[in-house]
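Here is a walk through a helical packing problem and a pocket. Keep the viewer open and follow each stop in turn.

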Amino acid sequence: MEEYWDEVTEQMEEQVELPEPVFEKKTMKKDVRKVGWGLIFYTLILYGIVIADMVIRTVIATIKSPTGELSEQQIEALAMSMEESAVSMMVGVGIGALFLWGFLKKQVSVKAMFEERKPMDGRLFFQLLSVFMAVQLVFSWIAGAMEVGLNMFGYSAMASIEAATSSSTTISMFVYASFVAPVVEELVYRGFVMGVLRKYGKVLAIVISSVLFGMMHGNIPQALFAFSVGLVLGYVAEEYSLKWAIAIHMMNNFVFAEVVALVGKVFGENAEAIVNGIVLYGFFLVGTAIYRKNFYKIQQYVEKYAGPKVWYRYVLTTLPILLFIIVNFFIGLIGIQPL
C-alpha cells in the first residue's frame, strides 16, 4: 500500500516544482507523504468508528421502538445521547493511534519520544505552563475580534467559539477531554508527526506539527488557539520530553477547563468568571514577562534550527498534507453561520 500511495502522490505532485533542498528531496517527499497519509487514515478510523456507533445506536433504537420507527422526540433524545457520549471517540482515537504507530514505527521510536533530553524542575515547568496559558487570554481576544468582524458582514462564529470553550457534561466527556485527548493528541502530533519531521529541523517539526494540530480541530477560531499552544507544546516535547508536553496539555484541560467550570456549576457563573479571570490574567502577566525576557533566546533558537524556507513550502504543498488542511478548513467554515 505504501508504494502505491507513493506512486500516486508523486504523479500528482509533479506539477509543484520546488527548488532542490540540501537534504535529499526524495527522502523528504517520502517522509512527508507518509505523515500526511497517516494522519488522513488516523482521522478516517476515528470518525469511521464514531459514525458506526451512531448507526448502531440508531438501528437498535429503531428495532426497540414499538412502531419500528423513531419519533421526533426519540430522534432528539438519541442525538443528545450521542453528543454527550465520548466513548466512541475514546475507542476511535485509541485504535487510530495504534494504527499510526504501526504505520510510522520504522520512522519513529516511541521510547525516544519519552526520553528526558533536558532536566525539568518545578520552576521551569511553571514558566512553560505560564507561557502556554498566556495564549488562552490572547485567544479570547482574537475570538472576540473575529466575532465582531464577522458580525459586520452578517455572520457569526459563536457556535464554534462556544464549542471550543465548553466544558464536559458527562463522565465520558470529562475523561476524554481531561485525560485521553491530551495523551493521544500529544502522541500523534508531538510524538509521531514531530518524530518523523525532526530530521529536517527542530523548528520545522514544531511549526508543521502545530499547523496540522490546529487544522485537525475543524474549528477556525480553535485552530488559531491550537496552533499557538502547539508551538509551546512542540518546544517542550522537543527540548525536554513528550511526557512534559502531555503534563501541560492535561493540566490545561483538567485543571483550567474542567475544574474552573465545576466552580461555576457549584458556586455560580459569577464565581466561575472571577476564578477564570484571575487564572487567565495571572498567567498572562507571568507568561508575557517570561516571553519578553527570553525574546532574543527564542529568536536565536528559531534562526539556528529553522532550516531552509523552501522545506516549509514543500511540506505544505505535499498532496496528503494539503488534503488534510483543506478538508479541515472547509469543515471549520461550517461553523461560521449567518446571523
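Start with two helices, α6 and α7, which are roughly antiparallel to each other, because their axes cross at roughly 165° and an angle over 145 degrees counts as such. This is a predicted model. Helix α6 spans residues 122-152, and helix α7 spans residues 158-165. Their axes come within 10 Å. The crossing is left-handed.

Now look at the side that α6 turns to α7. From α6, the contact uses F139, A143 and E147. From α7, it uses M158, I161, A164 and T165. Sorted by class, these residues are five nonpolar, one polar and one charged.

Move on to α2 and α8. Helix α2 covers residues 25-64, and helix α8 covers residues 171-197. The two axes come within 9 Å and cross at roughly 160°. That angle is over 145 degrees, so α2 runs roughly antiparallel to α8. Here the crossing is right-handed.

Which residues of α2 meet α8? They are D31, V32, V35, L39 and Y42. On the α8 side, the partners are V184, V188, Y189, V193, V196 and L197. The contact of α2 with α8 holds ten nonpolar residues, no polar ones and one charged.

Helix α9 takes in residues 202-216, and helix α14 takes in residues 309-316. Their axes come within 11 Å and cross at roughly 30°. An angle under 35 degrees counts as roughly parallel, so that is how α9 lies against α14. The crossing is right-handed.

From α9, the contact draws on V203, L204, V207, I208 and V211. From α14, it draws on W311, Y312, V315 and L316.

Helices α6 and α9 come back in the last stop, the second largest pocket, where each gives two or more residues to the lining. The space in this pocket is about 1100 Å³. Its lining has 31 residues. To find the centre, select V131, Y235, Y291, N294 and I298, which lie nearest to it.

Which elements give two or more residues to this lining? Besides α6 and α9, they are α10 (220-239), α12 (269-293) and α13 (295-305). The largest share comes from α6, with nine residues.

The lining of the second largest pocket counts 22 nonpolar, five polar and four charged residues.

Definitions and conventions. Residues are numbered from 1 along each chain as its sequence is written. This is a predicted model: local features need pLDDT of at least 70, side-chain atom pairs count only at pLDDT 80 or more; totals for chains, interfaces and linings use all residues. Side-chain values use heavy atoms; hydrogens and water are left out. Axes are lines fitted to C-alpha atoms, for helices over the stretch in contact, and angles run from 0 to 180 degrees between N-to-C directions. Helices (H or I, at least four residues) and strands (E, at least two) are DSSP runs, numbered from the N terminus. Angles under 35 degrees count as roughly parallel, over 145 as roughly antiparallel, 65 to 115 as roughly perpendicular and the rest as oblique. A crossing is left-handed if the near helix is turned anticlockwise from the far one by less than a right angle, and right-handed if clockwise. Contact means heavy atoms within 4.5 Å. Ala, Val, Leu, Ile, Met, Phe, Trp, Tyr, Cys and Pro count as nonpolar, Asp, Glu, Lys and Arg as charged, and the others, Gly among them, as polar. On a 1 Å grid over the protein atoms alone, a cavity is a set of points where a 1.4 Å probe fits but cannot get out, and a pocket is an open set with protein on both sides within 12 Å along at least five of seven lines; lining residues have an atom within 4 Å of a point. Grid points are joined across faces, edges and corners, and a volume is the space filled by probe spheres set on the points.
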